[in-house]
Amino acid sequence: MDPGSRTCGGILLLAFLALFGRQVATENDKDFKLCGSWIHGNYSRNLIIDLKTGCENIVISANDGSLSIRGKITAQCSRSEAWALDPSPGPTHFCVFWEPLLDMLIMEVNNTNTTLCDSHGVQTSCCTDLSSGAQKKSQHHGIVNASIHGDIVTSEAIAEYEFKGDVIDCKKQFCDKAVQESRGANMIEDAVMRSKTVGSVDLPCARSAVVEMNEGFAGYNVTLPVPHSAPANTVPLVHLPACLKPARSKAAKVVCTYFKSSTLFQGSAKVLDEVVGISVENEIITDLPEPVRIKFHHSDILANQTAKCVSWDTKKDKDLKWRMEGCKTVHISSKETECCCNHLTYFAILVQVNPTRKVHHLQALTFITAVGCAVSIVSCAVLFVSLCRKRRAKDQSSLVHRGLVVALFLLCLLFVLTGTIANLDQHEVCQSVGALLHYALLSTLCWMAVEVLHTFWMIHMVFSPSPKTWIWYLLGFGLPGLPVVILASMGNVYGERMVMPSDDVSKPYRMCWMTESHAALLAHFIINVGLLAAVVSSGCIMLFLVVRKIHNRDEWRRNRVAFLSIWGLSCLFGTTWMLIFFEQLSETVVFFFCIINSLQGFFLMLRFYALERMRKPGFGTDGSSTGSTRQHMLQAQEKS
């Protein structure tokens, strides 16, 4: 390109900026930025500053020995001085940054920042909307390759740039811009943090409280600034624990921001209007030993709704995504909910309509299950002792039955204790109990599957040696531990779970179990429901095969033996658990499920002693639960 065409292009570009400079500047009026290269002489160089309060213009000029910034654009900053610059060879690269909201003017010379005007808090009225004014050309020295917000103005040497300003409500303009940004909340917190204010900071879109944590910080209760339109008792309350202050810092600032409207947090999941953001200066806070507590006041939570504490971790998720991880929800009343969280970010209350199905007659079902489990605990203990004391206690059938009895004993015991432990509000203990309860359930189902396999082996593989006993124990006690360990290492899978009653949602049943997180629900359907379906289906098939094989025997025609054999095998094979798949049909099915399965240990013991009493000398001596079936009905196979 020849010099003439380049000059014409530069003139046209300047004319364009002169006509539309206001629109270009307002594209990012939060941070005006002019950069260029200063062509100077080879002798001493100076930076000259002459700034006064007001709103007229800012002039940036350069000659062979000085670079000058002068004008009236600041709200509170007045400064007039000059100082020498390092005599580096070649052109000097510089940038001028003007942030009117904070009344900050920063000069960067050869990658070294100098604050010309420091922040004096968030300004209400400020001088911005800087538009291009007159420019003076230079023959040899001046500013070349000037750019505004990264857009090249001209490559020619300019001795002086002038920008004219207008007075606006910069708080309102800043909030309008923040609403349009995907991370507008981050912009607001960052501006408040850099304002160097301690105390309250008011913006139309948010209100912040800045607290300085000095040495000896012992915790602090923050009362967030109250919006003019909101009653004082509706504003969230924040408690900052002592562990929030970084140990390596003598002092640190924490900003608590109250967003009265959730406009800045638009996403697929709807939260209540109030959002609270908490951040510490130059720190990423996670895994606090003592949680931050935020108490939200809100309208009544309806009976078909559940309130959950959620947070948006902007470091983890680029787009808005409310997560329940890291926060514990404490329901104080229908109008108050407290969030206890171990990290800092943005917090809100997520209201879900019927997230879990409400249970009718929950109190009655809980009582029935607790009594049934207590009876089964005693029955399993008695049955285990009886199996150990039998003359053929080391028979493989007896050893397999003992494995099921131990697993069922552990399941009933933990189920009785889980509600009490959940009410202790010990999160780590509840997580451990939830994992143990899950292990006991999987172990019980696995031992039922082992009973099915063991019976199949006795009936259809008579002439093949039975697998070693340790293989059955590995399947019953070892295999269930694998998914539990994996899920526990993922985190947020085990913990407190609430079962909502249909009559009073404010009085849920709390238990230590699998949480309602996505990972926990997915694991429940794949592992728990999948294993239960496999055990129930295989148990039904095995029960059918046994009945078909022995139904013509004389002793089978005796009603007592027939009933006890079918019922006992049903308890062994887990077929009584199939009722869970039909619970939607009637509330009666739910009651039958709770009664039958909570008393499963009792039924096993009852069948064992009933068949022992009915046994005659000619029927053999094996007293295990399937021993009666084998002696009454499978004598030929046992003799083989």
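Which residues of H3 are buried? Keep that in mind while you load the model, which is predicted.

**Whole chain**

Start with everything shown. The protein has 640 residues, and 50% of them count as buried. Its secondary structure comes to 14 helices and 25 strands. Its accessible surface is about 30500 Å², with 58% belonging to carbon and sulfur atoms.

Colour by pLDDT. The average is 79, and 80% of the residues score at least 70. Select helix H8, residues 481-490: among the elements, H8 has the highest mean pLDDT, 94. Then select helix H14, residues 635-639, which has the lowest, 31. Next take residues 1-30. The pLDDT is below 50 there, and the stretch has 36 contacts beyond near neighbours in sequence. Residues 559-564 also have a pLDDT below 50, with 9 such contacts in the model.

**Helix H3**

Select residues 184-194. This is helix H3, and 8 of its 11 residues are buried, so the helix is largely enclosed by the rest of the structure. Here is the answer to the opening question: the buried residues are Gly184, Ala185, Met187, Ile188, Glu189, Ala191, Val192 and Met193. Step past the end of the helix to lysine 196. Lysine 196 follows H3 and has a positive phi, near 60°.

**The disulfides**

Show all cysteine side chains. A search of the whole structure finds 8 disulfides.

Select cysteine 55 and cysteine 127. They are joined by a disulfide, S to S 2.1 Å. The link is right-handed, with 70° about the S-S bond. Cysteine 55 sits in the loop between strand E2 (46-53) and strand E3 (57-62), while cysteine 127 is in strand E9 (residues 125-137). Is cysteine 127 buried or exposed? At 3% relative accessibility, cysteine 127 counts as buried. Cysteine 55, at 23%, counts as partly exposed.

Cysteine 126 and cysteine 170 form a disulfide, with their sulfur atoms 2.5 Å apart.

A disulfide joins cysteine 175 to cysteine 205, S to S 2.1 Å. This link is left-handed, with -70° about the S-S bond. Cysteine 205 is in the loop between strand E13 (199-202) and strand E14 (207-213), 30 residues from cysteine 175. Cysteine 175 and cysteine 205 are both buried.

Now pick cysteine 373. Cysteine 373 is in no disulfide. Its nearest cysteine sulfur belongs to cysteine 412, 4.3 Å away. Cysteine 373 counts as buried, at 5% relative accessibility. Select cysteine 446 as well: at 9% relative accessibility, cysteine 446 counts as buried.

**The five-stranded sheet**

Switch to cartoon. Which strands form the open sheet, and in what order? There are 5 strands, in the order E15-E16-E19-E22-E21, with antiparallel pairing. Strands of a sheet pair through backbone hydrogen bonds, either parallel or antiparallel. Select the edges next: strand E15 (220-223) and strand E21 (327-333) each pair on one side only. Look across the sheet to see the twist, which averages 20° from one strand to the next.

Zoom in on E21 and strand E22 (residues 336-341). They pair in the antiparallel sense over 6 bridges. Select cysteine 327: its bridge partner in E22 is cysteine 341.

**Last stop: asparagine 528**

Select helix H9, residues 518-550, and find asparagine 528 in it. Asparagine 528 is buried, with a relative accessible area of 5%. Which residues does asparagine 528 touch, not counting residues up to four places away in sequence? They are His438, Leu442, Leu445, Trp513, Met514 and Ala523. Show these side chains together with asparagine 528 to end the tour.

Technical notes
Residues numbered from 1 in each chain as written. Heavy atoms only, no water. pLDDT = per-residue confidence, 0-100. Helix = DSSP H or I, 4+ residues; strand = E, 2+ residues; numbered from the N terminus. Contact = heavy atoms within 4.5 Å. Buried < 20%, exposed > 50% of the residue type's maximum accessible area, 1.4 Å probe, protein only. Areas by Shrake-Rupley, 256 points an atom, 1.4 Å probe, with all protein chains shown as cover. Disulfide = S-S within 2.5 Å. Pairing = 2+ DSSP bridges. Axes fitted to C-alpha atoms, helices over the stretch in contact; angles between N-to-C directions.
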